[in-house]
Amino acid sequence: MPENQNIPQAGTSVTSPQIEQRYAPSEIEPRWQARWDADASLYAAEGHGVGEKGWGKPKYYCLEMLPYPSGALHMGHVRNYAIGDALARHMWMRGYNVLHPMGWDAFGLPAENAALKNGVPPREWTLGNVAAMKKQMRRMGLSYDWSTEVTTCLPDYYRWNQWFFLKMFEKGLAFRKKSKVNWCPECQTVLANEQVVGGCCWRHEDTVVELRDLTQWFLRITKYADELLEGLDKLEGWPEKVRTMQRNWIGRSEGALVDFEVQRDSESASQRVGEKIAVFTTRVDTIFGATSVQLAPEHAVAKAFALEDDALRVQIEGLLAEQQKARETDALGAIEKHGVNTGRFAVNPFNGERVPIWVANYILADYGTGAIMSVPAHDERDFEFAQKYGLPVRRVIVPAVAGAEESVLPFTAEEDAVVVNSGEWSGLECGVAQGKMAEFAKAKGFGTPTVTYRLKDWGVSRQRYWGTPIPMVYCDGCSPDEPMPVAESELPILLPEQIDITQTNGSPLGRVAEFVNTTCPKCGGPARRETDTMDTFVDSSWYFYRYTDAKNSRAPFDSDKANYWFPIDQYIGGVEHAILHLIYSRFWTKVMRDLGMVKNNEPAERLFTQGMVIKDGAKMSKSKGNVVSPDDMIARYGADATRMYALFAAPPDRDLEWQEEGVAGISRFLGKVYRLTTKYSAAAGSTETAPTPKDQVLLRRLHQTIAKITQDFDGRWHFNTSISSIMILVNEIAANEAAMDDGEISSAIVAEVFRGLILLLAPFAPFFVAEMWEQIGGEGVVFRTQWPVVNEELAREDEIEIPVQVNGKLVNVVKVPAGSDEAVVRAAALADMKVMARIEGKTVVKVIVVPGKLVNLVVK
Ligand SMILES: [Zn+2]
Ligand SMILES: [Zn+2]
């Protein structure tokens with residue numbers, strides 16, 4: 001407890017400064033932290049049943065994305081959590097029942113890497129990091145309800161991943177199929193993409209990673225593709241850039257599938273009749289302009305050609321290698337396009353024309369059908385390819401307006417454009433032709449209208465150790481290839497803890513006999529467990545539901561609780577999660593809705609993506625040596641100053657350039673508030689007497705600040721300007737220090753202004769505010785005190801009346817804000833209707849302004 005010997009005995013006029021205390025966050029903050037830690041109910045969500053504390057209150061679910069427990073918070077975390085914490089505290093003060101939880105995305109590869117490097121078991125390493133980061137969060141004074149903490153690597157959480165998996169398997173939403181994986185022949189195991197470095201294994205730098213076909217588990221997210229897409233239109237509280245990224249990721253396109261029949265040259269002995277290449281096109285109206293068919297290197301027809309022709313096989317393998325390299329480095333979009341003419345032909349079913357079949361490195365086997373028709377005249381990429389290899393370019397679309405036929409190729413428009421040189425479809429508008437031609441293909445049996453998506457089913461199998469075991473078994477006796485679900489009552493299937501992951505042969509779980517060997521749920525004979533674990537994105541797809549009922553041991557959560565809290569009112573995190581996490585969690589919500597577990601269609605009503613924290617113009621990173629440690633900042637300036645600076649230095653959606661002088665500046669500002677508040681902490685009295693003009697100046701500034709900050713929380717979250725408006729208020733108070741000391745400002749007003757100031761600071765500097773609240777004798781917990789309400793009357797700027805004369809005679813009186821300068825007063829006078837009427841048709845020779853007094857116009 002602070003010693004309050006400097007509390008003045010009466011009035012507001014205080015004492016000499018030497019007994020004022022200095023602001024010492026290193027003393028204040030740990031003291032309040034200990035008090036908060038001892039009170040579990042302080043930040044706990046309130047029950048919402050009849051008679052419970054939260055009953056009848058509006059709810060507010062404020063959520064920051066849960067971190068990966070890497071071991072230490074970085075400045076990006078500090079910023080993310082400072083935003084969420086300010087919002088949560090503000091909403092409590094606005095009277096909401098607030099849920100503000102935190103947890104740990106605790107499975108994943110780094111724990112395995114650390115085990116390999118330091119010999120610490122993944123569980124031990126992870127839980128040690130959780131403890132360290134939780135300590136940092138407490139030190140920051142973040143208002144989390146730790147009673148709902150979720151740690152995804154613990155069985156009480158991941159058993160529900162397994163439970164969901166069984167439900168999805170039952171519904172046909174979890175299934176197995178062959179898929180490509182990175183395979184290290186040295187390790188004899190599958191590698192994650194992050195473990196492939198420059199095309200080689202991270203542990204065997206000279207070993208080239210192979211792509212292998214492996215049977216893997218998938219979740220059928222494509223079943224919800226349309227709903228995921230359409231739902232984006234309604235997510236108005238999400239940043240437009242995130243919605244656009246998701247739309248592109250889902251990548252819905254309407255088009256047609258058209259079969260081109262393969263025709264080998266007549267000398268080929270192995271010609272198979274009826275072999276077809278299905279191409280997907282969004283522009284079937286351009287099919288008369290197709291001058292080649294192009295295949296992905298892994299397309300079945302390309303493979304068949306390669307078998308017949310060694311030289312061709314070598315070339316196709318070269319194309320495939322280029323493609324894989326580009327895929328690994330995520331450079332597929334910019335790949336230098338190469339192709340090879342196979343010397344074989346395909347027949348365009350619309351006009352019977354033979355076109356050459358090419359294989360190209362930029363065509364992907366797993367996108368569309370892995371084959372396209374190339375129409376150089378009307379597609380940028382096809383045009384580029386045709387120019388490079390000298391393929392013919394044939395125009396079949398022209399602008400609808402007459403005389404525009406000379407338009408430059410490629411001509412890719414489909415609006416206001418018509419089909420030409422295309423038989424019976426010539427003359428149709430492109431859109432009309434697309435529909436009619438797709439229907440024609442269907443009627444003739446060589447195609448069909450169709451929709452494709454870029455979105456693929458979600459591959460969740462990982463041949464890793466540190467993840468949720470997939471709850472399936474295989475029995476050679478019953479059906480060796482048909483996986484069988486374990487009984488729900490057997491969950492959780494525990495991840496074995498004592499396991500050597502330093503060996504390199506095969507899947508880590510596959511080497512643990514006690515794990516693998518089990519009994520068949522059907523025949524009771526010996527069976528094997530699935531040894532794949534789940535992608536960690538499964539963990540983060542539904543963790544926020546668990547927060548509403550984190551201790552439930554009978555279900556993932558209670559539906560009533562989830563239905564009360566959901567959707568999340570505000571979700572806050574980095575834009576790097578715009579696609580994977582935020583699409584998977586939307587999918588998971590829809591699955592849970594269809595299982596009857598929740599009523600909401602979307603997990604989060606509003607999403608906010610904060611900017612990055614940078615230093616010296618670059619993202620903080622160890623390799624650049626520009627990392628600023630939150631611990632250092634807190635040790636030097638306190639958690640309050642560090643957090644407040646993170647909110648003050650830039651609007652929250654922009655990048656923030658970290659400057660230590662700025663943190664020091666905030667610390668000095670808090671020191672000033674500390675000094676003033678301490679000095680006037682005993683101010684009190686009744687506000688019944690009419691305020692003096694000096695009272696009014698302070699009250700006006702206070703209420704203008706209340707209005708500004710309340711608007712900022714309700715609207716665009718310009719916390720940087722919120723904090724600067726508090727600084728302006730404090731400057732105004734400081735400017736009136738002499739007046740307060742002399743009793744020119746009533747004690748009651750002084751008390752009201754300081755009370756308001758402290759409440760306005762509460763979302764931004766919680767330790768400081770708790771201390772100051774106690775200093776001024778505030779009742780109860782400051783964060784449960786009602787947020788100040790603006791008094792519009794008090795906030796309004798005073799106006800003064802200025803008489804306006806024309807040639808010395810009074811014409812009217814105009815109102816201008818107090819303190820207006822000459823130009824404002826002059827403009828107001830000249831804009832007055834009566835004055836304008838009086839001077840109409842005359843020339844104003846001179847305008848005399850006596851500021852605050854009068855305006856005189858001299859006219860002729
Ligand atoms: Zn290897
Ligand atoms: Zn069996």
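Predicted model: local features only at pLDDT ≥ 70, side-chain atom pairs only at ≥ 80, totals over all residues.

**First stop: a proline in a loop**

Select P492, whose place is in the loop between β22 (479-485) and α12 (513-516); helices (H or I, at least four residues) and strands (E, at least two) are DSSP runs, numbered from the N terminus.

Residues are numbered from 1 along each chain as its sequence is written, chains are lettered from A and ligands numbered from 1 in the order in which they are written, and side-chain values use heavy atoms, with hydrogens and water left out.

**Two further loops**

Next, select F566 and P567, which are also joined by a cis peptide bond with omega about 0°; P567 lies in the loop between α14 (559-565) and β26 (570-574). Then move to D416, in the loop between β16 (397-399) and β17 (417-419), where phi is near 50°, a positive value in a residue other than glycine.

**A sheet of four strands**

Now select β6, β5, β9 and β19, which in that order form an open sheet with antiparallel pairing; two strands pair if DSSP finds at least two bridges between them. Which strands are at the edges? They are β6 (189-191) and β19 (458-459), each of which pairs on one side only.

Walk across the sheet from β6. Three bridges join β6 to β5, and the two strands run antiparallel; to see one of these bridges, select N182 together with its partner in β6, L191. The hairpin of β5 and β6 has four residues between the strands, and within the hairpin Q188 takes a positive phi near 60°.

Continue to β5 and β9, which pair in the antiparallel sense over ten bridges. Here K180 stands opposite D213 in β9, and K177 has Q216 in β9 as its bridge partner. As you look along these strands, remember that in a regular strand the side chains alternate between the two faces of the sheet.

F218 has G459 in β19 as its bridge partner, whereas the partner of L219 in β19 is W458. Helix α5 (residues 155-170) packs on the sheet, touching β5 (174-184) and β9, and its direction makes about 90° with that of β9. Contact here means heavy atoms within 4.5 Å, and angles run from 0 to 180 degrees between N-to-C directions, with axes being lines fitted to C-alpha atoms, for helices over the stretch in contact.

**Two helices side by side**

Select helix α16 (residues 630-637) and helix α18 (residues 660-679), which pack at an angle of about 35° with their axes 10 Å apart. Show the side chains of M633, R636 and Y637 in α16, which meet E660, V663, A664 and S667 in α18. By class, this contact has four nonpolar, one polar and two charged residues; Ala, Val, Leu, Ile, Met, Phe, Trp, Tyr, Cys and Pro count as nonpolar, Asp, Glu, Lys and Arg as charged, and the others, Gly among them, as polar.

Finish with the largest cavity by selecting T189, R203, R464, I501 and Q503, which lie nearest its centre among the 16 residues that line it. A cavity is a set of points, on a 1 Å grid over the protein atoms alone, where a 1.4 Å probe fits but cannot get out, and lining residues have an atom within 4 Å of a point. About 160 Å³ of space lies in the largest cavity, where a volume is the space filled by probe spheres set on the points, with grid points joined across faces, edges and corners.

Which elements each supply at least two residues of this lining? They are α3 (109-118) and β6, and the largest share, three residues, comes from α3. By class, the lining of the largest cavity has six nonpolar, six polar and four charged residues.

How values were computed:
1 Å grid on protein atoms, 1.4 Å probe; cavity = no way out; pocket = protein on both sides within 12 Å on 5 of 7 lines; lining within 4 Å.
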